[in-house]
Amino acid sequence: QREEKQLEASLDALLSQVADLKNSLGSFIYKLENEYDRLTWPSVLDSFALLSGQLNTLNKVLKHEKTPLFRNQVIIPLVLSPDRDEDLMRQTEGRVPVFSHEVVPDHLRTKPDPEVEEQEKQLTTDAARIGADAAQKQIQSLNKMCSNLLEKISKEERESESGGLRPNKQTFNPADTNALVAAVAFGKGLSNWRPSGSSGPSQPGQPGAGTVLAGASGLQQVQMAGAPNQQQPMLSGVQMAQAGQPGKMPSGIKTNIKSASMHPYQR
Amino acid sequence: MEAPPVTMMPVTGGTINMMEYLLQGSVLDHSLESLIHRLRGLCDNMEPETFVDHEMVFLLKGQQASPFVLRARRSLDRAGAPWHLRYLGQPEMGDKNRHALVRNCVDIATSENLTDFLMEMGFRMDHEFVARGHLFRKGIMKIVVYKIFRILVPGNTDNTEALSLSYLVELSVVAPAGQDMVSDDMRNFAEQLKPLVHLEKIDPKRLM
C-alpha cells in the first residue's frame with residue numbers, strides 16, 4: 001500500500017516532468033521552423049539549456065530514493081478495443097484515439113531497436129574486454145583532461161571580464177544627475193541664470209552650474225535694479241520673462257528681456 | 001504635460017494630503033535606447049508615450065525669506081490639453097529608512113489663462129524650461145525620462161538648447177500621506193534599473 005502510494009506519486013512527478021519537456025521541445029521546434037531567419041545563437045543556446053535542465057530534473061526524479069524501481073513494474077494492456085476512446089483522446093491530446101492492436105506494441109514496447117541493441121551489446125563486450133585496471137586509468141585521464149579544460153576556460157573568462165567591461169559601463173554621469181536635478185528643482189542653469197534664493201553679488205558672466213552651457217553668452221544683459229517702473233506691454237500668456245525682483249537687486253541678473261513688467265502692487 | 005490625464009491624478013479637494021515620493025537619476029544619451037527598452041519590458045504594456053512640455057516656475061515673494069513656488073506646465077505637442085498647476089512642498093526630513101524623497105504635492109488642471117492669473121496674483125516667473133521625453137507607468141508608479149532644454153529667448157519655445165548630455169529619469173508616486181511601503185516598492189523597481197541608471201533620493205538643497 002505504501003509502495004502503491006509511492007508508485008503513484010513518482011508517476012505523477014514523472015508525468016509532469018515529461019509534460020514540461022514536451023512543451024519546451026515543442027516551443028523549440030516551433031521557434032526553429034517559424035523564426036529561423038531571425039534566430040540568434042544565444043536564443044538557440046537558451047532553448048538547449050532549457051531542455052538539458054529539464055532532462056536533468058527528469059533524471060533526478062528517476063533516481064530519487066522514493067521512486068520505486070520501474071524496471072520491476074510491468075505494463076499489461078487489459079482491454080484492447082478498436083473503438084475510439086474519448087478518455088484516452090483527452091489524455092493524449094488527441095494523438096491516440098484508439099487503444100487497439102496497432103497502437104499498443106508501439107507505445108508499450110520496452111525492447112530497444114535492433115540497431116540500438118546491437119550497439120549496446122558491442123559496447124558492453126568492449127568494456128568487458130579492456131579489463132578493470134585499464135578502464136580505471138582511462139576514466140582518470142578523462143577526468144583530468146576535463147578539469148584542465150574547465151580551468152583554462154574560467155581563467156580566460158576572468159581575465160577578459162575585468163579588462164573589457166569597464167569602458168562600457170558608464171551609462172550615466174553623476175555630475176549630470178546633480179545638474180539636472182538642480183535645474184528641475186530650482187532652475188540652476190536655466191534661462192534666467194539668476195543665482196538661486198537670496199542673491200549675493202554675482203559676476204555678470206557666471207553661469208552658476210557646471211552644466212553644458214554653450215553659446216549663451218550672447219544673451220547676457222545686465223539688468224539694473226533701478227528700473228522697476230518700466231511698463232512694457234505684456235506678451236500674451238506664456239512668454240513672460242521675469243526681469244527684476246522688486247527690492248533687492250544686485251547686478252547679477254542676466255536675462256534677455258523682452259518685457260519687464262512690474263506688478264503695480266509690488267512687494 | 002505630465003501625461004496622466006486629470007482623471008488619473010488623485011483629486012486633492014478636501015483634506016486628503018497627497019505626498020509625492022520621488023527618486024531621481026540620469027542616463028547618458030547613448031544609453032537611452034537600452035533604458036527605454038528595459039522600461040518597456042518592465043512597465044505596464046502600453047503604447048510608449050512621448051511628451052513635450054513647457055514648464056514655468058513662478059515665485060511669490062512674501063515678507064518671509066522663502067518664496068512660494070508654483071509650477072505651471074503645458075503640453076507643447078498635445079493641442080487642447082489643459083495646463084497643469086502643481087505645488088511641491090519641502091521634502092520631509094524624517095529620514096528613517098525611507099528610500100524616496102517625500103514631499104507634499106498638490107496638483108490641479110487649469111485653463112489656459114493660468115499665467116495671466118498668476119501674474120495678476122503677484123507671482124513672477126522664475127525660470128522656465130522645455131522637457132521632452134518618454135513616460136512609462138507601472139501600477140501607481142510613474143517613470144519619466146526626459147531631457148531638459150533651456151529656453152534661450154524667453155517665451156520662444158522653439159529656440160531651445162539641451163542643458164546637458166543626459167536624460168533625467170524620475171520615478172514618482174503620488175499617494176496619500178503615510179503610505180511608506182510605497183517607497184519600498186519604488187526601491188525594488190529602482191533595483192531593476194541598475195546598472196543602467198542609479199535612481200536615488202537626491203536632496204535639492206544639497207545642490208544649491
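Before the sheet, a convention: I call two strands paired if DSSP finds at least two bridges between them, and I take helices (H or I, at least four residues) and strands (E, at least two) as DSSP runs, numbered from the N terminus.

**Entry 1, ground rules.** This is a predicted model, in which local features need pLDDT of at least 70 and side-chain atom pairs count only at pLDDT 80 or more, while totals for chains, interfaces and linings use all residues. Residues are numbered from 1 along each chain as its sequence is written, chains are lettered from A and ligands numbered from 1 in the order in which they are written, and side-chain values use heavy atoms, with hydrogens and water left out.

I looked up pLDDT, the predictor's confidence in each residue from 0 to 100, and found that chain B averages 82, with 90% of the residues scoring at least 70. For the complex the predictor gives an ipTM of 0.80 and a pTM of 0.49.

β6(B) in turn pairs with β7(B), antiparallel, over ten bridges, with Lys142(B) as the bridge partner of Arg137(B). The hairpin of β6(B) and β7(B) has two residues between the strands, and Gly139(B) takes a positive phi near 65° in it.

I count a residue as buried under 20% relative accessible area, exposed over 50% and partly exposed in between (1.4 Å probe, protein chains only). His127(B) lies in β6(B), residues 124-138, and counts as buried at 2% relative accessibility. Its side chain makes a polar contact with the side chain of Asp126(B) at 2.7 Å (a pair of N or O atoms within 3.5 Å; within protein, one must be able to donate a hydrogen and the other to accept it, and residues adjacent in sequence count only if both atoms are side-chain atoms).

How far apart are the end C-alpha atoms of α7(A)? They are 18 Å apart, which agrees with the 18 Å that its 13 residues (174-186) should span at 1.5 Å a residue, the expected span being 1.5 Å times one less than the number of residues. Its buried residues include Asp176(A), Leu180(A) and Phe186(A), and what covers the buried residues includes β1, β3, β6, β7 and β9 of chain B. Gly187(A) follows the helix, with a positive phi near 80°.

A nonpolar core here is a set of buried Ala, Val, Leu, Ile, Met, Phe, Trp, Tyr and Cys residues joined through side-chain atoms within 4.5 Å. In the largest, of 28 residues, Tyr21(B), Leu35(B), Leu39(B) and Met186(B) touch the most other members. A second, separate core of 18 residues includes Phe51(B), Phe129(B), Tyr146(B) and Leu168(B).

Note on methods: Contact = heavy atoms within 4.5 Å.
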